[in-house]
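Please keep the sequence and the model open side by side while you read this note.

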Amino acid sequence: SPLVAPDISNCGINPLTGFKPGPDTPEGTDCCPPDSTQIVDFQFPKDEVFRVRPAAHLLSPSYIAKFNLAIKRMKELPADDPRNFLQQAHIHCAYCNGAYTQSSSGFPDVEIQIHNSWLFFPFHRWYLYFYERILGSLIDDPTFGLPFWNWDTPAGMTIPNYFNDSSSALFDSKRNQANLTAVVDLGYNGTPSTTSDLEKVTNNLAIMYRQVVTNATDPTLFFGGEYRAGSEPINGGGSVEQIPHTPVHRWVGDPRELNGEDLGNFYSAGRDTLFYCHHSNVDRMWSLWKTLGGKHQDITDPDFLNTSFVFYDEKKTLVRVYVKDSLRTNQLGYDYQRVDVPWLNSRP
Ligand code: C2O
């Protein structure tokens, strides 16, 4: 049977794998959301303007200002508002650091972990879906689309420069200082690469082709291992989740911090706005992969499709969503700006 959305009132630091309370417990690892008396079932957005998520390195100054303002307002919301910036970051912590068990699915001793399995793509799609709508509502712009960090094209292979402006709401001091303006290494494994920028770009394009095309010839390889009610946390991540998704997290995370904060650790990743732009591009890879045709299709196993999660929406209503409703971005009211995909036709 499918994983059932957690009962959010049954949330805590899980002694199995979560950070244990103690002198070294990072601040804020207790990441349970505010409780809610009601849950509503998801409905597709209606009568709305379509959102086009733009490439982050191509934003106009006015779009950057709009993005910055939305994040600033999110940070200014009361701490216990579920739309608050830190509350939104806590979502990632709660679903990934053992705060929820699978008690609603009948397995109170098994934690929920949405990474390293077929839950990875749909969970993050839903997470961003609500995040984007909250940002849009805070600036009264229903067309607001979450920019994607276009690390799969040469001009997009650095952290977009406005993230480095320390007066901006998009700034985060906990990033690897050596990489603020460097060319990203999509295969980063913890050892800084010593190759030239040109070689890095070439390697990155080869990695993209390998992970999206060569290593993802069927749904299981792309999405990752099965995860059903009772599944233990690790069944094996899909090709893109493993690389470049995780290397990019580690490459941005700050080595001066104990746990690679912010981007380099599950509990803290959502505290850096760059996380959402990184995942916007990861989500775009799901859409791109499906355009390859043939076996490049969504998983049809009912346990996958009927998996549910809960998220707060822009009206602070707790919403229950199903994986089956996440498969088509058009139905969710968004798509990605069309840009060149230089790696797709350049088989190494
Ligand atoms: Cu939930 Cu990029 O990790």
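Predicted model: local features only at pLDDT ≥ 70, side-chain atom pairs only at ≥ 80, totals over all residues.

1. Residues are numbered from 1 along each chain as its sequence is written.

2. An open sheet is formed by 3 strands in the order β1-β6-β5, with mixed pairing. Its edge strands, each pairing on one side only, are β1 (39-41) and β5 (308-312). Strands here are DSSP runs of E with at least two residues, helices are runs of H or I with at least four, and both are numbered from the N terminus; two strands pair if DSSP finds at least two bridges between them.

3. Strand β1 runs parallel to β6 (residues 318-322), and 3 bridges join the two. Within this pair, I39 stands opposite L318 in β6.

4. Helix α3 (residues 120-138) lies across β5 and β6, and runs at about 20° to β5. Such angles run from 0 to 180 degrees between N-to-C directions, and the axes are lines fitted to C-alpha atoms, for helices over the stretch in contact.

5. Why does M208 count as buried? M208, which is found in helix α4 (residues 197-214), counts as buried because it has 25 C-beta neighbours inside 10 Å, and the label buried requires 20 or more other C-beta atoms within 10 Å of the residue's own, with C-beta atoms placed from the backbone.

6. Leaving aside neighbours within four places in sequence, M208 is in contact with D152, L186 and W343, where contact means that the C-beta atoms, placed from the backbone, lie within 7 Å.

Methods
Contact = placed C-beta atoms within 7 Å. Buried ≥ 20, exposed ≤ 12 C-beta atoms within 10 Å, placed from the backbone.
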